[in-house]
Amino acid sequence: MNATLGWTQLALYLGLLILITKPLGLYLLQVLDANGRTWLDPILKPLERLTYRLGGVDPGKEQHWKHYTISMLIFSLITMLVTYVILRMQAILPLQHLFNPQGFPAVPDHLSFNTAMSFTTNTNWQSYSGESTMSYFSQMVALASQNFFSAAVGIAIAAALVRGIARDSMQTIGNFWVDLVRITYYLLLPICLVYAIFLVSQGMIQNFKPYDAAALTEKETIQVQKTDASGNPVKDAKGNPVMVPQVVDTQSIPEGPMASQMAIKMLGTNGGGYTNANASHPFENPTPFSNFIQMLSIFSIGSALTYYLGRMVKNPGHGWSVWAAMTFLFLTGFFVCWHYETVGNPILTQLGVDPADGNMEGKEVRFGITNSALFATITTDASCGAVNCMHDSLTPLGGLVPLFNIELGEVVFGGVGAGLYGMLVFVITAVFIAGLMVGRTPEYLGKKIQSFEVKMSMLVLLVLAMDILGFTAWACVSDWGKAGLNNNGPHGFSEMLYAYSSVTGNNGSAFAGLTASTYWYDTTLAVGMFIGRFLMIIPIMAIAGSLAAKKLVPPGPGSFPVSGGTFTLLLIGTVLLVGALNFLPALTLGPVVEHFLMWSGKLF
Amino acid sequence: MEILMSIFKEIKISVIVTLVLLIVCCGIYPLVIYGVGQAFFPRQANGSIVLDGSGKPIASTLLGQDFSADKYFNPRPSAAGTGSDFRYDSTSSGGSNYGATSQALHDAVAQRIADYRKANNLAADASVPADAAEASASGLDPHISIKNALLQVPRVAKARNMSEDDLKKLVDQYTDGRDFGILGEPGVNIIKLNLALDGKYK
């Protein structure tokens, strides 16, 4: 641990993020314009045209917001179906020796449903353990496809909303198919090509060979449950399982096409790991350098989108003001998490753990405290959900940060697209509150904010809170809910609260001790993901359509400026206030009370 | 009727566009990465495998293994594996997921601290490096902290009849430093180090 180097790494991270925001934002302006020009046109334009021609898409024709939404919903449904079917059929698809060399059986139905929903909604919650469940084909096609699609859909929705804000007296907000295709071809694919090769160079695997069996230097004898000929566990007279010794002399080393999938997992803020341990696994995150670039890629598109917003509404200061509010919330969260992880766990310090080392339970040596706290904050500010440390084993208040980040709606850069459209809901709320305070009709960039927009914004915020708190409450008082817990006491409650927060926010990280691969959890979590994704998008698209149709009012002396320090502070205040009002009681029952119990040495 | 037709049209577009994107994003793209990876970074792309004299795999330099004998540097506690006492099970990566107030975590750490002090001949109140007492996130962490490695040097040197200075040089040789001197934390790669001690890794 070296505090100076910690600050240096943070400064480097923030500096690089600022540096890429404008160039990537400028590039987004071209990608998200159906007639935009990029330097990749010579290669990609023919592919783009071919895709439109095959699909029968007229790229020149824009859609009404309802039409845009229906296209998006149908596309999501079809791709979800593809993912589900592949998972169910992974054991009988052709070329098994190449694409399923480990011979994994079909993924069970509730798990396939949960996983398909999870990847379609950009949640990437993992109820499964990738390296012992998913065939190479499932990883490469069923899961990686959704990493591209759900990311592209998120960015498309954000672009549609920004167009709605920027336009006036118009009925259309863009063409979903054009946005989808252009985002995938011009933005996601080119970056992933370079990025995935970088990841391979750092030690990430990309192959199609069977798992390697490495002969262990030290053989081990373990006790395993005895099973009869039909595979059922044998029990003794008292009903206890019979254990038999078994010698383990090899380590089965996972292989497969990992790098291509991990690049888009990070860039698209998906977060679904190839392995169970996600980005803490040495293959999925081999070096501190790969870790740094992964963290940068999580924020990159979300940050660039704020610049895109500023340029589209012809008020660059507005984009940067939103950016500043996000950065403030990001840094605050990080400092809290960093502090409490550095202090560590007093219970373990008392046993003799060196207090200088901080809390290393569930962390990797190569990342240490600083990069684990940084990653945990970033992955939950954005709706990424990849983890390089186990959030379940963070200290109570260190773990409160990722939890609260998700509950704020992941509006700090946020999921690709989702972060911006989520933040714009808060912008509308903030403008509304400011209007109430000065007693004028609220305006946003020359448009009157009326009851329809405010109702839709409130709908989004209320749906999220109800989804999280409702399901958590249900799980708390149900046997199926309590059966999945890995920890007792307040931390057990936190595990459930985190799970439903994570799926509602489409984050996908977990207090992973929770055993969620049961019918009840898989199903309720999947419903939570659906609500958190689509019941949020639909009101937002309605706002986009309504704003696009409004007439522009020339700015007067009473107009509230949406750039500058006052606006940024008001926005931060709104985000924190709404989050605190909704979730402080629940957080008090979980991490806050656990913090005080930890310092009094109470164990569960 | 018109609405039905237009929904049917959207379904048709969805299916075709999905197919085209699948071919590009899940066919061509991963195969290009496969080709480039195999051509330029074959060792990394295939799992950073260490082979023995006869060409059989014995480890990956990225994945930890359990070494419990005195003559080896012992890895971090690992929660990988499903319920059995086999640690470093690379088909079941993951952490303990115990929270700070967990009795099970408390008991496990207390036991590890006692074992570590005994194995390395430390005082009964000596503080133990956190990475030696607390399990990693992946359960497959190939590194231990430098502090942890140096505390194990006297034990390993004695078991191998080596001088401590020679051993410390080896520890230093197999320490992965911070990237660019800034990023991450340094760690001793115990796979490389232990295999090198046995003459199986150079």
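Predicted model: local features only at pLDDT ≥ 70, side-chain atom pairs only at ≥ 80, totals over all residues.
Local features need pLDDT of at least 70 and side-chain atom pairs count only at pLDDT 80 or more, while totals for chains, interfaces and linings use all residues. Residues are numbered from 1 along each chain as its sequence is written, and chains are lettered from A in the order in which they are written.

Chain A divides into domain 1 (21-209 + 256-297) and domain 2 (212-253), with bounds from an automatic or database domain assignment. Over C-alpha atoms, the centres of these two domains are 39 Å apart.

Turning to the interface, 110 residues of chain A are in contact (C-beta atoms, placed from the backbone, within 7 Å) with 89 residues of chain B. On the chain B side, α1 gives the most, with 21 residues; helices here are DSSP runs of H or I with at least four residues, numbered from the N terminus. By class, this side has 45 nonpolar (Ala, Val, Leu, Ile, Met, Phe, Trp, Tyr, Cys and Pro), 12 charged (Asp, Glu, Lys and Arg) and 32 polar residues (the others, Gly among them).

Contributors to the contact include A:M140, A:A144 and A:F148 from α6(A), and B:L22, B:C25 and B:P30 from α1(B). The residues of this contact comprise 9 nonpolar, 1 polar and no charged.

Notes
Contact = placed C-beta atoms within 7 Å. Helix = DSSP H or I, 4+ residues; strand = E, 2+ residues; numbered from the N terminus.
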